[in-house]
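Please look over the model below with me. My notes follow as numbered points.

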Amino acid sequence: MANGENKSSSDMKCIIIQQSFTGKREFKVTTTPKPPSPADGEVLITVKACGINFNDVLGRYGLLEDLPRPPFIPGFECSGEVLDIGSNVTHVEKGDRVLVLTRFSAWAEQIVVKKDLVFKIPKEMSFREAAVLPVAYLTAYILLFEIGNVKSGQTLLFHSAAGGVGVALTQLAKLVPNLTIIATASSHKFDALRAHIHYLFEHDFDYVADVKKIAPEGVDLVLDCMAGDDCERGLALLKFNGKYIMYGTSSLLSWDVKNLFGFTKGMSTWWQNDKISCLRLFQDSKSIHGFNLLQLLLRGSNETRRYLADIMHKVFLLYREGKIKPVVDSVFTFEEVNNALGKLIDRQNIGKVVIEPCLYKKSDKVKKLKTDSTNDGHSSSTSGPDDDANDEEDLDEFQQISSSSS
């Protein structure tokens with residue numbers, strides 16, 4: 001790979017995860033040859049915006065399964081325009097605005113992907129909204145309605161309510177009548193969230209006793225992206241015939257990742273999740289599930305990809321009906337990727353963080369996001385628009401969507 005300053009017409013800018021001689025992994029903005037013309041069943045896309053997920057943070061520290069060997073281009077979701085298509089691609093054409101779900105390689109100016117997970121986006125949707133939609137809303141929809149099978153009159157508990165999946169869960173949960181919503185979040189985010197969640201608790205304190213006061217018989221559905229101590233707490237809070245679903249392990253980075261002792265402490269706490277008695281589950285009539293969207297992308301069959309495509313089209317319909325609205329916390333350039341990841345590590349974001357090869361000029365119109373999050377001055381804290389959409393809605397829109405769905 002060449003240095004980004006020596007970029008030629010045959011090169012593209014990208015972000016890589018590289019590993020130093022000491023074993024330390026770090027992000028680097030560089031250039032690499034542009035991808036070749038798409039082959040059979042492939043689509044070439046010019047990337048406009050990329051979503052950042054907590055799994056990107058875990059990948060940065062080598063904590064994801066099946067990571068490519070460095071150097072590699074990270075990123076699981078992006079949006080852009082179709083530049084070219086291979087043979088046997090009929091659902092998109094050159095110039096179409098699309099979003100992409102992929103396993104790595106999204107953080108680049110161009111990407112070639114299989115056609116199955118490329119989707120035309122609604123004309124009302126901005127590139128930034130599209131870039132943060134697939135991982136969060138596919139995950140949230142499957143957790144609530146496919147695995148969780150949540151119903152009216154039940155009680156739901158989930159964590160990280162201000163994160164990408166958390167916002168999606170909040171909006172989608174509003175579609176279920178008479179559903180009691182309990183969530184945890186950082187205290188400085190309460191003002192933005194409390195109008196949309198019935199009971200909100202600070203995650204760093206033991207919330208079990210408070211939740212039991214609200215739901216003496218227990219909680220019907222627990223959605224856990226934290227793991228660690230929250231696994232034991234979640235199982236203890238489940239009611240008879242309740243469901244616990246683990247879909248993340250962000251407690252791995254609950255301590256200062258620069259501190260080796262704290263990091264080791266996080267690892268040791270997380271591994272306690274193995275201490276689960278199947279006999280106890282049988283006696284209490286409780287069930288435990290795991291959901292890993294990235295593993296579906298890696299190991300899934302054609303049937304799995306059709307399943308994800310079906311869910312994606314349901315999510316698009318909800319967007320067109322005004323029932324959901326992706327929330328973009330802030331936008332950074334590729335060169336600011338470490339600042340972008342820092343927002344997630346410090347848990348300062350409400351909604352999703354976006355990185356772009358370059359910030360588009362029309363983003364200057366956008367209103368600042370109304371949160372208590374601090375900004376380092378290098379990012380454009382916006383939720384759109386880009387060059388195709390009038391997307392000046394921000395967290396206020398999230399509040400309106402959540403309120404109107406209740």
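1. Rings of Phe, Tyr and Trp (its six-membered ring) pair if their centres lie within 6.5 Å; planes under 30 degrees apart count as stacked, over 60 as edge-to-face and the rest as tilted. F72, F76 and F104 form one aromatic cluster. The structure holds four aromatic pairs.

2. This is a predicted model: local features need pLDDT of at least 70, side-chain atom pairs count only at pLDDT 80 or more, and totals for chains, interfaces and linings use all residues. Residues are numbered from 1 along each chain as its sequence is written, and side-chain values use heavy atoms, with hydrogens and water left out.

3. F27 is buried (under 20% relative accessible area; exposed is over 50%, partly exposed in between; 1.4 Å probe, protein chains only), at 9%. W107 is buried too, at 0%.

4. F72 and F104 have ring centres 5.4 Å apart and planes at 75°, so this pair is edge-to-face. They lie 32 residues apart. F72 is buried at 7% relative accessibility; F104 is buried at 7%.

5. Helix 2 covers residues 127–147 (helices are DSSP runs of H or I, at least four residues, numbered from the N terminus). 19 of its 21 residues are buried, so helix 2 is largely enclosed by the rest of the structure. Just after helix 2, N149 takes a positive phi of about 50°.

Notes:
Helix = DSSP H or I, 4+ residues; strand = E, 2+ residues; numbered from the N terminus. Expected span 1.5 Å × (residues − 1).
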